[in-house]
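Student: Can you walk me through this one? I'd like the main features, briefly.
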Amino acid sequence: MSSVTEKSEGRVSKEAHAYTPGLKVKRSMIVRKTRLLPIPGDVLVKLGDDVESDTIVARTEAPGEPHIIEATNIMGLDSEGLPRYMVKKVGDRVNKNEVVAQWIAFFGLIKRIASSPIDGTVESFSDSTGRVIVREDPIPIEVAAYIPGKIVEIIPNMGVSLETNAAFIQGIFGIGGGRHGQLTLLVGSPDEILTDDMISSEYEGKIIVGGSFITIEALKKAIEKRVTGIVVGGIDAADLTKFLGYEIGVAITGEEEIGITLIITEGFGEMSMSQRTFDLLKRFEGYMASMNGATQIRAGVIRPEIIIPHEESFEQASGDELAAGMVPGTPVRIIRMPHFGAIGKVVSLPVELQQVGSESYMRVLEVELDDGKVVTVPRANVEIIEE
Amino acid sequence: MTIIRKSKEEMQHILATDVGSTTTKARFFIKRDGEWRFLAAGEAPTTVETPYEDVTLGVRNAVREVEELTGHRILSEDGSGIAVPYDGKVGVDLYCTTSSAGGGLQMMVAGVVLSMTAESANRAALGAGAIVMDVMAVDDGRQSYQKIARLRSLRPDMILLAGGTDGGASTHVIKIVELVNAAEPKPRLGVDYKLPIVYAGNKVLRPQIEKMMGENFALTIVDNLRPVLKVENTEPARTAVHELFMEHVMSHAPGYTKLMKWTDVDIMPTPAGEGMAIQLIANTYKRNVLGVGLGGATTNVYSIVEGRFVRSVSANLGMSYSICNVLKEAGIHNIIHWIPFELDEKDLENRLYNKMIRPTTLPHTLEELIIEQAVAREALRLGLEHHKTIATRLKGVKIDRDTGYIFDQKLEETYIKMMIIDIIAGTGGLLSHAPRRLQSMLILTDAFQPEGVTRMFQDSVFMMPHLGVLSTVHREAAWSIFDKDCLVRLGTVIAPAGTGSPGEPVMTVELEMLDGETMKEEMKFGEIKRIDLAERKEAKALITPHKGYDVGDGPGHMVESMAMGGVTGIILDARGRPLHLPEEEGVRKEMLLKWIHALDLYPEDKLKELL
C-alpha cells in the first residue's frame, strides 16, 4: 500500500481545513433567533415590533389524538354493515360515552352500541375494518419569543426571526428547555464547586452560576428552591442519571420536564469553567438572561446556550459567521485527555502523520500552552477558541 | 443515474468519499502500470450540521487533504466542486460517494404478522441500508393508540408497508393503513414534502391503498414481498426504498442537492456500500461470511450464509455519538470487564459521556485506546445479538423435520451459528485505525467468539463502503484495490467450542507449512497463542480436540483444514466457547494480562505505567 507518510515527510500545512469549530463565547454580538411553529398557524406580531422573552409570537392548533373504536367488533356484527349502524356522520361532534353506532332488533328489545371514549369529532369509518375513528379536540401550540428583541423577519404562517444585541455563550451539554431569569454568581472562581449549602430561597427564579462542578445534592436543592437555571463547568455522568432517573443513550435533550435548565460548559467530571466563560458571566451578573439546555449532537448539532441581552456596542456583525481555517497562532483548547481543558496557540501543523501515545498514527498539531510548554496533540482533539 | 465520462480503459484517477455521521473520508485511487491501487486518504469532520449545513464543505476539506498529501489537484479551480474528468492537470475520471450523515435513512416498517410479513419488510428495509426505527404489526402487543403515538413522534424518512399474501389477508392490512392515515406522520427533513410510502403487500388491495393513501403520501406500489408464505421477495421493495431515498430524503438533507450534482453515480447509503464489499468477499471465497461495520453512530452487521445475504443496522450502537448507548445497553460492568487496569466506574462513565459530546476526538493515550477497545467489544457483541434476531428462517413456512411436517409460527431461532461461519470481516474507524492489527483481531474474536476454524479479515484504512459503491460501476478497479490495498488478511482463529477448567487439555494442533516445516502445539484451557504465518501463505492444520471440545466435526473429533496466514498469523484460542471472564476482579485482570502478554497486544512499557 502506498504510504501517506513517505509522501509528506517534513512538510507543514499553512492552514488546516479539517478541525472542530469551537464553542462560541462572545461578549457582544447580534443574536438572531428564528422561532417557528412545528406546523403552519398564525403569526401574532408585526415586523419591527419590540417583544419580551415571554411574548407569544405565533400560535397554532395541532390535530388531536385519534382514537379507534372497533365498532362492529364491539357490537358483534360484520364490518360491511357499519354504514347502516352509524348514528353519527363524518365531521359530527361527539361527547365522551355518546353513541356513535348502534344496532337495534326486535323493536328495541336487542340493542348493541359502540360509543366514543373521548370528546371529539368523527373523522372516518370503514366498512372493511368495521372501525370508527374519533379525533380529540385540537391542541393549542404557542411559541414565545424566548429572548427580548426586535422582530426582523416574518415567516408567513410559521413564525418570526428576532434580533437582539447580547453576550452569547455556548455550553457543551444541557438538559431542560428555554427559560429566562436574572444571572447570579454563587462562586468566586471558575474552579470552585457548587454545593447545596450555597443555594437558598433568594435564588428562586434566577439563573445561578457555579464553577467546576455541581453535586447531586446541590442540583436537588436548586429544584427545591425553584431556581430557574444552572450554568456550571461539569457534572458527574452518574449524578445526571440519578437526577433524570434514566441513562442518556444519545445526546438529544431539551424536552426534559424537570423544572430547571442545566447547562454544563466543559464536560463530564470536575472541570474548571473556562476563564473566558466565567469572566463573561461575571461581567453581566445581575442582567436578565435567556438559556436553553437543548443539545443535539447527531444530525444537526445544537449546543445549549446562554443569551444575555445588553446595550453595549457590538464588535461582530453576525452571530453565525464561520471561523477562518486553523493556522499557526490560532487560539485552541484541548478537548481530550491528556491536557483536557488546556488552552494554547497553534505553533505548527505538520502534514505527516505522527505516532501518538496510543501508538496510532494521526494528523497532529503542535500547541504552545499558556505555561509556555509545547505539546503535540491529535488535530481531532482541539477546538478553535472563537474570539 | 450513472454518468461515465471516460471509458474504463481510459480512466486513470478515481475519487470516492463516504460522508459519515462523524467524519467525511476521501479515498483516492490511481491506475499505475495497468493496475488499480489506493494512493491516499483524507479526512475531515462532516459538515451536515450548523453552522455549515452543507455536506460538500466537509467533502471539499477531506479532498483538500488528499491534494495536500499527493500534490494531485482534484477540486476545480472555479470552486464548483470536483473536476471530472481529469484534464491532464486537474481532476479525476470518476467520483462516487456513500453517505450516512444526518442519521442515514431512517424508516418505519409495518406488516400484519410480526414474525412474518413485518419481519420480511424489516429485512427489506435493512437490506436497502436503512435504520429501522420501529416494526409495527397487528400482533405486536401494542394498542392502536400506542402505535399511533409512536408513529406521530418518530418522524421517519419513509415507511414500508407490507402484509397479506397475494389474495390473502386484507382487513388487517387495511387496519394498518388506517393507523398510518390517522397518525398523519410527518417526514423528518422538511415539512413541505409528502412522506414517501412503499406498499409491498397483498396485490389485490392496491386500488384501495391508492385511494386511501394516494393523496396524502408519496405512494409507491411494488410487488408483494411475501406473495406466498414460503417465498420472500424483498428485491422490488428494496429497490424502491433506495430510489425514494435519493429522490426524497437525500435531496432534503443539507448540501446533498449539490453533492448529487458532483457525483457520477447515485449516492448510496453507507451500509449498502459496506454490504456490497462484504458480498465481494463471500463471492470470491464462496464461504459463509460474517461482516461488521463499527461506526460512530451505528453498527452494521452482515451475514452471507449459504448464499443468503442479511444486513442489520443497529441504530444506536456506535463508538462516538452512540457510545453512551453501548454503555446503557451493555452495562458498565461488561465494559469494565475488558479493562486490565484499575479504573473507577465513575471515571469511565465520565470519559464515555465526554466522548459522546465531543464525538470527533480520538484516543491519544494507551489508556484511552484500551477503554475504547473495551467498548468496541461490547458494541460488536450487541450488534451480533441484534443481527441474530433478523437472520432467522422464514416463519410461517412448512419446515421439513425428521418427525414430519410442522407448521411452525413460533419464533425460530437464528441460523447464525459461529461454527458454520468461515470468515469474519471487520471495518469501521476503530478497527481500521487500531495501531496493532492484533488488537482488531482480538476485538473481533472476543466479541464474535468464532468457533472451529475461522479466517479473519479487516479493512485497511476504512474504504469498504467506497469500494462497494465503486463496484457498481467499475468492478475490476474495485476488486483490484479491494484485494491489494483494502482487505487485510489478519489470519486464522482456531477455537474449539466447549468450556472447562484452567490447565485442562483442550486441543492438539499440528501445522504443516508449505515449505514442509511442521509444528505441534498442545493447548490448555484458558490459553491463547499466536503462530507466525505470513499473508498469502497457508498451512495444513490437523486439529484434535479433547473430549467435550468441538472444532466443527463434533466433540472430540479431529478436523483437517487449511489455515490462512495473515499479518497476525494463526491464533490458537483455547479460552473456551462461550468465553467467560472470571467475576473476581484480581483473577480477571490477571487473565486479561496473560492474554495481552501472550499476543503482545500493547506496548509493554506503557502498559506497565497503567498497572
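Tutor: We'll go through confidence, domains, a sheet, salt bridges and cysteines. Keep in mind that this is a predicted model.

Student: Start with confidence. What does chain B average in pLDDT?
Tutor: Chain B averages 90. In that chain, 95% of the residues score at least 70.

Student: Where does pLDDT stay under 50 in chain B?
Tutor: Over residues 399-411 of chain B. The model still has 22 contacts for that stretch beyond four places in sequence.

Student: How is chain B divided into domains?
Tutor: Domain 1 covers 13-101, and domain 2 covers 104-259. Domain 3 is made of two segments, 275-392 and 413-610.

Student: How many Å separate the centres of domain 2 and domain 3 of chain B?
Tutor: 35 Å, taken over C-alpha atoms. Their contact takes ten residues from domain 2 of chain B and nine residues from domain 3 of chain B.

Student: Switching to chain A. What is the strand order in the open sheet of three strands?
Tutor: The order is β2-β4-β11 in chain A, and the pairing is antiparallel. The edge strands are β2 (42-43) and β11 (139-144) of chain A. Each of those pairs on one side only.

Student: How many bridges hold the pairing of β2(A) and β4(A)?
Tutor: Two bridges, in the antiparallel sense; β4 of chain A spans residues 56-62. Asp42(A) has Arg59(A) as its bridge partner in β4(A).

Student: Now charges. How many salt bridges are there over all chains?
Tutor: The count comes to 63. One of them joins the side chains of Glu70(A) and Arg131(A), at 3.3 Å from N to O. That pair links distant parts of the chain, 61 residues apart. Glu70(A) is in the loop between β5 (66-69) and α2 (71-75) of chain A. Arg131(A) is in the loop between β9 (120-125) and β10 (132-136) of chain A.

Student: Is Arg131(A) buried or exposed?
Tutor: Arg131(A) counts as buried because its relative accessible area is 4%, with the cut-off at under 20%. Glu70(A) is partly exposed, at 22%.

Student: Which residue of chain A forms a salt bridge with Lys346(B)?
Tutor: Asp236(A), with the closest N and O atoms 3.2 Å apart. This pair crosses between chains. Lys346(B) sits in helix α11 (residues 345-357) of chain B. Asp236(A) sits in the loop between β19 (229-235) and α5 (237-244) of chain A.

Student: And accessibility there? What is the relative accessible area of Lys346(B)?
Tutor: It is 42%, so Lys346(B) is partly exposed. Asp236(A) is buried, at 5% relative accessibility.

Student: Which residues are joined into one network by salt bridges that share partners?
Tutor: Arg336(A), Asp347(B), Arg351(B), Lys355(B), Glu367(B), Glu368(B) and Glu372(B).

Student: How many Å apart are the closest N and O atoms of Arg577(B) and Asp573(B)?
Tutor: They are 2.7 Å apart, in a salt bridge. Both Arg577(B) and Asp573(B) are buried.

Student: Last topic, cysteines. How many disulfides does a search of the whole structure find?
Tutor: Zero, over all chains. Take Cys486(B): the nearest cysteine sulfur, that of Cys96(B), is 13 Å away.

Note on methods:
Residues numbered from 1 in each chain as written. Chains lettered and ligands numbered in written order. Predicted model: local features only at pLDDT ≥ 70, side-chain atom pairs only at ≥ 80, totals over all residues. Heavy atoms only, no water. Pairing = 2+ DSSP bridges. Helix = DSSP H or I, 4+ residues; strand = E, 2+ residues; numbered from the N terminus. Salt bridge = Lys/Arg side-chain N within 4 Å of Asp/Glu carboxyl O. Buried < 20%, exposed > 50% of the residue type's maximum accessible area, 1.4 Å probe, protein only. pLDDT = per-residue confidence, 0-100. Contact = heavy atoms within 4.5 Å. Disulfide = S-S within 2.5 Å. Domains from an automatic or database assignment.
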